[in-house]
Amino acid sequence: MKEINDKTGFFGLVHARRSVRIFDQESPFDHELVQKCLEASVLAPNSSNLQLWEFYRVPESSPLKVKLAKLCMKQKAATTARELVVIVARRDLWKIRAKANYDHIQERFKNAPTHKQKQALSYFGSLIPKLYSKYPLWSFVKKTIAFLVGLQRPMVREVSETDVRISVHKSVALAAMTFMYAMKAEGYDTCPMEGFDALRVKKLLQLPSGAEINMIIACGKGLPEGVYGDRFRIESEKVIFEK
Ligand SMILES: Cc1cc2nc3c(=O)[nH]c(=O)nc-3n(C[C@H](O)[C@H](O)[C@H](O)COP(=O)(O)O)c2cc1C
């Protein structure tokens, strides 16, 4: 793989970020920065701007922190983290978020309604409900419609319930990535984790049944021994193609 030679600016940040599994317990940790980085994370691009995400902060002072670290299979990244951030996908909030977008568009164009506004309102008022509603056999119906329409013209094929869930998690993961880069830019390290007991974590945080945990991010000042080995990536020639 060609080295990223530019060690400044954005490329420097990308180069410097590593998943760190052991965090310093002694140096000060600014928990307010976590809040600031999360507020930047919600600027991440997301599907239909539905913003189907939530972020639960569990700082070291929280009575839940030790319990949560145990539910992260006692991974060192979790037990030594100064704060854990639980990144949650809320597919179930689609109606509320679609309405927020709908209302926003209505307000923005209220003095001069345009064709564009009508299209946007129809998108949030009609198309999104068709995609996100749940009825018996609805996935099959949507897939069949997409197939039939697709015979005539290009058509989005990812319309099943599984596709919708994947779409929500895609967007949530982009916010998670934005958060990790923001933390690195502020001088802190992170470790994204999917090694946790989702059922018990949901119970611990009293999350509703429709919530799905996307990942849990351990935060802190990384110790050198917390980086487990050199960075390894498959050669770019094997993953980046020009057609
Ligand atoms: C979705 C996701 C889940 C991960 N889960 C864990 C985990 O449970 N425990 C862990 O130590 N690292 C976990 N990682 C970190 C990866 O192992 C790490 O990103 C990868 O080895 C590349 O190393 P780097 O992040 O230092 O570049 C996870 C990363 C992602 C993106």
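Among contacts in the chain (heavy atoms within 4.5 Å) between residues at least 6 apart in sequence, 77% join residues at least 24 apart. What you have open is a predicted model, in which local features need pLDDT of at least 70 and side-chain atom pairs count only at pLDDT 80 or more, while totals for chains, interfaces and linings use all residues. Residues are numbered from 1 along each chain as its sequence is written, and side-chain values use heavy atoms, with hydrogens and water left out.

**Start with the whole chain.** Show the chain as a cartoon, and you can count nine helices and four strands, where helices (H or I, at least four residues) and strands (E, at least two) are DSSP runs numbered from the N terminus. Followed along the sequence, they give the pattern α-α-β-α-α-β-α-α-α-α-β-α-β. The C-alpha atoms fill a box of roughly 60 × 50 × 40 Å, taken along the principal axes. Of the 243 residues, 41% count as buried, meaning under 20% relative accessible area, whereas exposed means over 50% and partly exposed lies in between (1.4 Å probe, protein chains only).

**Next, select the aromatic side chains.** Rings of Phe, Tyr and Trp (its six-membered ring) pair if their centres lie within 6.5 Å, and planes under 30 degrees apart count as stacked, over 60 as edge-to-face and the rest as tilted. By this rule there are seven aromatic pairs. One of them is formed by F10 and Y181, an edge-to-face pair at 5.9 Å centre to centre with 65° between the planes. F10 belongs to helix α1 (residues 9–16) and Y181 to helix α8 (residues 161–185), so this pair ties together parts that are 171 residues apart in sequence.

Now move to F29 and Y188, whose ring centres are 4.5 Å apart with the planes at 50°, so the pair is tilted. F29 lies in the loop between α1 and α2 (31–41) and Y188 in the loop between α8 and β3 (189–193), so parts 159 residues apart in sequence are tied together here. Both F29 and Y188 are buried.

V164 lies in helix α8 and counts as buried at 2% relative accessibility. Leaving aside its neighbours within four places in sequence, V164 is in contact with R91, L131, Y132, K142 and V159. If you draw a distance from V164 to Y132, C-alpha to C-alpha, the two are 7.2 Å apart in space and 32 residues apart in sequence.

L93 sits in the loop between β2 (83–89) and α5 (94–108), and with a relative accessible area of 12% it is buried. Setting aside neighbours within four places in sequence, L93 is in contact with L52 and E54.

**Finish at the ligand.** A polar side-chain atom of Q75 lies 2.7 Å from a nitrogen atom of the ligand. Turning to the ligand's oxygen atoms, one is 3.1 Å from an N or O atom in the side chain of R17, and an oxygen atom of the ligand is 2.8 Å from an N or O atom in the side chain of R233.

Technical notes
Polar contact = N/O pair within 3.5 Å; in protein donor to acceptor, adjacent residues only side chain to side chain.
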